[in-house]
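Biologist: I would like to learn how to read ring contacts and surface features from a set of coordinates. Could we take one case and work through it?

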Amino acid sequence: MTVKVFFETPKGSYAEEIATFSDEEYFDACYPILEKIAKKNRFILTESFIEDSEDE
C-alpha cells in the first residue's frame, strides 16, 4: 500500500503533496509530526491510501 500525504488549505482551494510512504507503518509513525507542521502552517493534513496492484 502507498500513502500519499497532502497539505490542503481549509477551504480546499489548494493542495500540495508533501510526502509519499510505501508502508502504512512509516506513515503512522510520522503522522503526529506531519499533523503538527500542518497546523502550525494553517493547513489541513489529508492522505490518500492507494492499494498496490499485484501487476506492479
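Modeller: Start with the rule for ring contacts: rings of Phe, Tyr and Trp (its six-membered ring) pair if their centres lie within 6.5 Å. Planes over 60 degrees apart count as edge-to-face. Keep in mind that this is a predicted model.

Biologist: How many aromatic pairs does the structure hold?

Modeller: There are four aromatic pairs. One of them joins phenylalanine 27 and tyrosine 31, with 5.5 Å from centre to centre and 75 degrees between the planes, which makes the pair edge-to-face.

Biologist: Where do phenylalanine 27 and tyrosine 31 sit relative to each other in the helix?

Modeller: Both belong to helix H1; because they are four residues apart there, about one helical turn separates them.

Biologist: Is phenylalanine 27 buried or exposed?

Modeller: Buried means under 20% relative accessible area. Phenylalanine 27 has 4% relative accessibility, so this residue counts as buried. Tyrosine 31, with a relative accessible area of 25%, is partly exposed.

Phenylalanine 27 also forms an edge-to-face pair with phenylalanine 49, at 5.8 Å centre to centre and 90 degrees between the planes.

Biologist: Which parts does the pair of phenylalanine 27 and phenylalanine 49 tie together?

Modeller: Phenylalanine 27 is in helix H1 and phenylalanine 49 is in strand S3 (residues 44-50), so the contact ties together parts 22 residues apart in sequence. Phenylalanine 49 is partly exposed, its relative accessible area being 40%.

Biologist: Which residues do the ring pairs link into a cluster?

Modeller: The cluster consists of Phe21, Phe27, Tyr31 and Phe49, linked by ring pairs.

Biologist: Now the surface. Which residues gather in the patch of negative charge?

Modeller: For such a patch, like charges are joined within 9 Å. Here Glu24, Glu25, Asp28, Glu51 and Asp52 make up a negative patch on the surface. Among them, glutamate 25 is found in helix H1 (residues 24-40), and its relative accessibility of 58% is why this residue counts as exposed.

Notes:
Residues are numbered from 1 along each chain as its sequence is written. This is a predicted model: local features need pLDDT of at least 70, side-chain atom pairs count only at pLDDT 80 or more; totals for chains, interfaces and linings use all residues. Side-chain values use heavy atoms; hydrogens and water are left out. Patches are made of residues with over 30% relative accessible area and no salt bridge: like charges are joined within 9 Å, nonpolar side chains (Val, Leu, Ile, Met, Phe, Trp, Tyr) within 5 Å. Accessible areas come from the Shrake-Rupley method with a 1.4 Å probe; for residues, only the protein chains shown count as cover. A salt bridge is a side-chain nitrogen of Lys or Arg within 4 Å of a carboxyl oxygen of Asp or Glu. Lys and Arg count as positive and Asp and Glu as negative; His and the chain ends are not counted. The place of a charge is taken as NZ of Lys, CZ of Arg, CG of Asp or CD of Glu. Helices (H or I, at least four residues) and strands (E, at least two) are DSSP runs, numbered from the N terminus. Buried means under 20% relative accessible area, exposed over 50%, partly exposed in between (1.4 Å probe, protein chains only). Rings of Phe, Tyr and Trp (its six-membered ring) pair if their centres lie within 6.5 Å; planes under 30 degrees apart count as stacked, over 60 as edge-to-face and the rest as tilted.
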